[in-house]
Amino acid sequence: MTIKSFNRIHLVVLDSVGIGEAPDAKDYGDTGSDTLGHIAETVGGLNMPNMEKLGLANIVPVKGLASTEAPTAFHGKLQEASVGKDTMTGHWEIMGLNNDTPFKVYPDGFPEELIKQLEEKTGRKVLGNKPASGTEILEELGQQHMETGAIIVYTSADPVLQIAAHEEIVPLEELYRICEIARELTLEPEYLVGRVIARPFLGEPGAFKRTSNRHDYALAPFGRTVMNELKDGGKEVIAIGKIDDIYNGEGVTKAIRTKDNMDGMDKLIKVIEGDFHGLSFLNLVDFDALYGHRRNPQGYGEALEAFDVRLLEVMEKMQQDDLLILTADHGNDPTFPGTDHTREYVPLLAYSPRFAKGGELETGTTFADIGATIAENFSVTMPKFGKSFLSRINE
């Protein structure tokens, strides 16, 4: 069989939209987790007709959605092979890497020595230094920060060091410089922090609001990804949203920042309307940041339905030789205890206007199946991990 390649692939990560506990969920304390399923149950059923037509409910039962005998997409699910359930690990695996050394988390805050170094190098004192919700810690320490100029440092169940500052107290340029210093300090093996995140905010006590000027300072991937191969092979890799941050710019030919999910969809549509040959790669972070971590199933459900509406616009703009891949990077069940990600399967939906019909994909044992498929499509070096499904969607 001759495999016909696609001219462009649009990869969209619905950040944290897991579809049920992975076989090793018990090792992570996540037995029983099911992000999509529990949201649907909690809100009394989801209204997502476009995802339904693609075959989402053919992968797993979803309250409010029906399985279909004629799905328009190829559909399946993927299991994470790497150790961990954080954003970077999931995304890096999608692009062909397998991480067997987990990043460190700090349930009791960061070591005193690290905080002392940060204060000395930045000239600002530190408040907080504990795991916290990004909104709650502003309520707790925002006024003190404004009165003293001390920066707010906090973490989460993820391997991240977050630094919050009011934009009128600490100018953005200084906040970014502080984060760059923190990034350098946490490169040391004893810290192994995955990302340093600038969390600027505005407003007054009792009415603080984080701005869209967030910036992530990530480690570079520990090996070459499919994105590196695409870029070196003369293909375009357009990173939309926080993708550029997650890969630390590696393999990216153009980076486009976004404000939220809807802005991300706007930017994706503009890219699709343009002329390029290669990969566009979008992360929709609101599912995770605004609803998963904040344990808000109602808001999460509304965000999923809003995405579904915009999905139709994307599909209508696609060219005949375009391929759309929808997936996730981990779970974040908003009905689950705590605020942590959850170890789950992720959905896999592959759609092209040229498909006469869709079909079932076998369950993948690594997210890297996506990277392998992209690499085979563009005839670049295949990753060491992953099994391409390109031939299956060409049947």
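Helices α5 and α7 are oblique to each other (angles under 35 degrees count as roughly parallel, over 145 as roughly antiparallel, 65 to 115 as roughly perpendicular, and the rest as oblique). The model is predicted: local features need pLDDT of at least 70 and side-chain atom pairs pLDDT 80 or more, while totals for chains, interfaces and linings use all residues. Residues are numbered from 1 along each chain as its sequence is written, and side-chain values use heavy atoms, without hydrogens and water.

**Exercise 1.** Describe how α5 and α7 pack and which residues make their contact.

Step 1. Helix α5 covers residues 112-122 and helix α7 covers residues 172-185 (helices are DSSP runs of H or I, at least four residues; strands are runs of E, at least two).

Step 2. Their axes are 10 Å apart and the angle is about 140 degrees (axes are fitted to C-alpha atoms over the stretch in contact; angles run from 0 to 180 degrees between N-to-C directions).

Step 3. On the α5 side the contact uses L114, Q117, L118, K121 and T122; on the α7 side it uses R177, I178, I181, A182 and L185 (contact means heavy atoms within 4.5 Å).

Step 4. Six of these residues are nonpolar, two polar and two charged (Ala, Val, Leu, Ile, Met, Phe, Trp, Tyr, Cys and Pro count as nonpolar, Asp, Glu, Lys and Arg as charged, the others as polar).

**Exercise 2.** Classify the packing of α1 and α12 and sort their contact residues.

Step 1. Helix α1 (residues 35-42) and helix α12 (residues 297-317) have axes 9 Å apart, at an angle of about 105 degrees.

Step 2. The two helices are therefore roughly perpendicular.

Step 3. From α1, T35, L36, I39 and T42 meet P297, Y300, G301 and L304 of α12. This contact divides into five nonpolar, three polar and no charged residues.

**Exercise 3.** Find what the salt bridge between E140 and K130 ties together.

Step 1. The closest N and O atoms of E140 and K130 are 2.9 Å apart (a salt bridge needs a side-chain nitrogen of Lys or Arg within 4 Å of a carboxyl oxygen of Asp or Glu).

Step 2. E140 lies in helix α6 (residues 134-148) and K130 in strand β3 (residues 126-131), so the pair joins parts ten residues apart in sequence.

Step 3. The whole structure has 21 salt bridges.

**Exercise 4.** Locate the binding site that UniProt records.

Step 1. The unreviewed UniProt entry places a "binding site" at D15, D329 and H330 (such annotations may be inferred rather than shown by experiment).

Step 2. These residues span 316 residues in sequence, yet no two of their C-alpha atoms are more than 7.2 Å apart, so they gather at one spot.

Step 3. D15 sits in the loop between β1 (8-14) and α1.
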